[in-house]
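Open the model in your viewer and keep the sequence panel beside it. The tour below goes from one selection to the next and says what is found at each stop.

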Amino acid sequence: MAHPQRAALERSLTDPETFWSGHAERLHWHRKPTRALTRQSKTLPSGVQHEHWSWFPDGEISTTYNCVDRHVAGGRGDQVAIIWESPVTQTTEKYTYAQLLDEVEVLAGVLREEGVRKGDVVIIYMPMIPAALIAALAITRLGAIHAAVFGGFAAKSLAQRIEAARPRAIMTASCGIEGAKGPISYRPLVEGAVEASRFKPSKVIVWQRDQMRWNNPDKLGGQRNWQRLVKSARGRGIRAGPVPVKSTDGLYIIYTSGTTGLPKGVLREAGGHAVGLELSIQSLFGIKPGDVMFCASDIGWVVGHSYILYAPLLVGATTVLFEGKPIGTPDAGTFWRIIEKHGVNTLFTAPTAMRAIRKDDPSDRFLREIGERGGLKSLRALFLAGERSEPSIVSTYQDLLSRYAAPGALVVDNWWSSESGSPISGLALDSHAALTTKSGSNRPLAIRPGSAGLPMPGFDVRIVDDEGNEVPRGKMGNIVMALPLAPTAFTSLFQDEERFYKGYLKRFDGRWLDTGDAGLIDEDGYVHIMSRSDDIINVAAHRFSTENQGQIEQVILSHPSIGEASVVGIPDALKGHLPFAFIQPRGEGQIPATPSAKLFSEVNALVREQIGAIASLGGMIQGRGMIPKTRSGKTMRRVLRELIENAVQGKFDAVISVPPTVEDPDVIEVARGRVREYFMMKEGGKAKL
Ligand code: AMP
């Protein structure tokens with residue numbers, strides 16, 4: 001008999017109508033859908049035809065109602081919905097479902113008074129404070145669409161997203177608090193972005209934090225004091241009820257990197273998102289009403305949207321909102337202490353966080369200390385996503401969990417993207433939750449370190465060659481998916497159907513959706529994600545496109561002494577990749593491969609200021625005549641990337657595949673010499689990272 005996780009996948013693919021209609025029953029619909037799925041052909045303005053699909057097309061739903069009101073009506077009003085743990089402000093705060101409903105109703109009333117209507121976009125640019133979650137739920141309550149932008153992005157990146165989303169309002173805070181570094185004022189970032197953007201939102205609503213206030217005067221007009229608006233609305237009894245939207249209407253936009261051009265606005269649809277997330281939190285994450293979920297991501301990323309905010313609340317669980325870092329706030333024991341303090345059942349973070357913790361605390365002193373006194377007994381799983389978990393991370397923590405956590409606790413590598421909205425693959429803790437007829441053992445499938453588990457219901461994952469033909473099990477290839485995608489996944493990009501086709505379907509003529517990842521499916525159906533098949537690099541579990549690399553180059557070139565620059569990814573033991581620059585200083589004469597510390601820190605400061613700390617450079621090599629170009633003058637980043645990747649492994653002489661379009665192959669040898677000199681100097685000849 002097939003394992004229930006395999007049975008659930010099979011049923012979701014062979015009979016999606018029955019499978020998903022059954023799951024839709026678990027939610028409250030303002031208008032019940034009569035169908036789970038419809039498929040139709042769509043013709044683009046360019047004349048291209050491609051398959052389009054809709055989940056629960058005639059249903060109407062309010063996601064906020066399902067996340068909040070429903071639980072209060074069902075008797076969970078006194079249960080804690082949100083625990084805010086903020087070691088950077090030394091605060092712990094709790095909101096019950098009843099309190100959350102009260103806050104969301106009033107804030108939605110405020111937003112309505114400020115002109116926000118169904119279908120409008122509102123940008124959220126916030127630190128990890130409860131107001132950020134309340135804002136998202138209040139926007140959704142009005143049937144409006146939120147677009148959260150990671151608080152670590154600089155003004156320019158925010159401006160790009162303002163232009164693309166054309167928001168009615170921006171909801172922000174006076175400051176963010178970056179680890180132990182203290183408060184960072186958001187004011188210059190937000191005002192700078194609004195000034196730089198051609199589109200001007202009419203309102204900027206500011207949550208005032210005590211650590212640093214955003215005081216008058218209002219330079220741009222339309223600035224509002226969040227707390228004051230709420231107080232006034234409360235005094236006047238202003239509240240807003242839930243406004244249902246069509247299942248296929250947008251719930252939120254999340255911007256993600258494309259290989260070219262502006263960030264892509266992935267549009268999440270309301271109905272499919274709610275149904276698919278409710279299933280994933282129960283089945284994959286094994287979280288039930290009343291359980292405690294701690295997802296240490298950021299609300300600016302898709303993982304935060306799904307597993308800090310929506311999924312735990314959809315199921316009536318408690319979510320831990322964490323304002324801090326895995327280390328340094330105050331130490332590498334933070335995660336484990338929070339688990340003990342709140343009886344956390346599932347921890348979800350990125351492998352990069354675990355690497356940071358291990359580096360800071362190599363003997364796992366904190367984990368063991370808390371584990372020895374039984375403080376981790378509530379923990380049933382550690383979920384890791386955002387990048388590949390190397391087998392050693394999985395085995396190390398699997399051993400520790402087996403010793404200290406709940407019996408049978410697992411480390412689960414799960415693979416997904418902004419586009420998919422929930423894990424495409426993983427190991428389900430409770431497969432029975434996905435099935436109506438429950439047979440067979442409900443024990444999870446065995447973990448296989450290095451693999452990201454089996455596909456989740458609704459995701460039809462295949463491995464194909466460059467022509468789109470499926471390859472045998474165990475063979476590497478492009479990872480693609482057959483249509484339709486599962487309900488949480490996107491069906492298009494925000495107001496950009498052509499780009500959706502070009503970016504995801506065109507490569508395989510509409511037959512498959514390209515994930516941009518490469519890997520294999522083994523004999524037992526486990527998916528192994530090995531690398532990206534495009535030029536995107538992954539920095540601390542976040543995507544960096546060639547466009548982002550190009551932006552960093554532009555910033556570097558704004559330094560007066562630099563004449564040319566090319567940015568590629570360098571493998572990094574902690575963060576997966578870091579941006580790395582090849583630069584050509586202006587002028588003539590001999591220069592060492594390693595630039596002066598002064599130049600490096602000046603350039604890095606420019607990058608941090610104009611793009612954000614996330615883009616900080618992992619290193620810089622200088623030289624003259626070392627940046628290879630095509631005959632049409634385009635930088636060959638791929639060649640430099642290969643040189644760097646080989647150098648990290650000490651392979652300075654490895655053969656590089658040189659494209660025939662190269663203008664001058666000798667330049668590559670100059671670059672090779674520089675790379676060698678740089679690594680020799682840096683590592684004292686060891687050339688290891
Ligand atoms: P994002 O949309 O920013 O969340 O990035 C999604 C990308 O991150 C995927 O396409 C993968 O390249 C990578 N990724 C996410 N999770 C994993 C994982 N568990 N293993 C390997 N790569 C992953």
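Start by selecting Ser431, which counts as buried because its relative accessibility is 1%, where buried means under 20% relative accessible area, exposed over 50% and partly exposed in between (1.4 Å probe, protein chains only). This is a predicted model, in which local features need pLDDT of at least 70 and side-chain atom pairs count only at pLDDT 80 or more, while totals for chains, interfaces and linings use all residues. Residues are numbered from 1 along each chain as its sequence is written, and side-chain values use heavy atoms, with hydrogens and water left out.

Ser431 sits in the loop between β21 (425-426) and β22 (454-455); helices (H or I, at least four residues) and strands (E, at least two) are DSSP runs, numbered from the N terminus.

Next, select Ser247, in the loop between β13 (245-246) and β14. Ser247 is buried, at 0% relative accessibility. A polar atom of its side chain lies 3.3 Å from the backbone oxygen of Phe56. Move on to Phe56 itself, in the loop between β2 (49-55) and β3 (60-61). Phe56 is also a buried residue, at 1% relative accessibility, and its phi is near 50°, a positive value in a residue other than glycine.

Thr256 has Lys264 of β15 as its bridge partner. Now color β15 (residues 264-269) by burial: six of its six residues are buried. In a regular strand the side chains alternate between the two faces of the sheet. On one side of β15 are Lys264, Val266 and Arg268, on the other Gly265, Leu267 and Glu269, and all are buried.

Strand β23 (residues 460-464) is largely enclosed by the rest of the structure, because four of its five residues are buried. Strand β24 (residues 477-482) pairs with β23 in the antiparallel sense over five bridges, and Arg462 has Val480 of β24 as its bridge partner. Follow the chain into the loop between β24 and α15 (497-505), where Pro484 is found. The peptide bond between Leu483 and Pro484 is cis, with omega about 0°. Gln495 lies in the loop between β24 and α15; its phi is near 50°, a positive value in a residue other than glycine. Gln495 is exposed, with a relative accessible area of 67%.

Another cis peptide bond joins Thr329 and Pro330, with omega about -5°. Pro330 is in the loop between β17 (318-322) and α11 (334-342).

Now show the cysteines. How many disulfides does a search of the whole structure find? The search finds zero, a disulfide being a pair of cysteine sulfur atoms within 2.5 Å. For Cys67 the closest cysteine sulfur is in Cys295, 15 Å away and so too far for a bond. Cys67 is buried, at 0% relative accessibility, and Cys295 is buried at 0% as well.

Finish at the ligand. Which residues come nearest? Of the 16 residues around the ligand, these are Asp413, Asn414, Ser418, Asp517 and Arg543, where near means that a heavy atom of the residue lies within 4 Å. The shell divides into four nonpolar, six polar and six charged residues.

- from a nitrogen atom of the ligand to an N or O atom in the side chain of Asp413, 2.7 Å;
- from an oxygen atom of the ligand to an N or O atom in the side chain of Asp517, 2.5 Å;
- from a nitrogen atom of the ligand to a backbone N or O atom of Arg388, 3.3 Å.

Taken alone, the ligand exposes 490 Å², and the protein buries 93% of that; these areas come from the Shrake-Rupley method with a 1.4 Å probe.

Technical notes: A polar contact is a pair of N or O atoms within 3.5 Å; within protein, one must be able to donate a hydrogen and the other to accept it, and residues adjacent in sequence count only if both atoms are side-chain atoms. Ala, Val, Leu, Ile, Met, Phe, Trp, Tyr, Cys and Pro count as nonpolar, Asp, Glu, Lys and Arg as charged, and the others, Gly among them, as polar. Two strands pair if DSSP finds at least two bridges between them.
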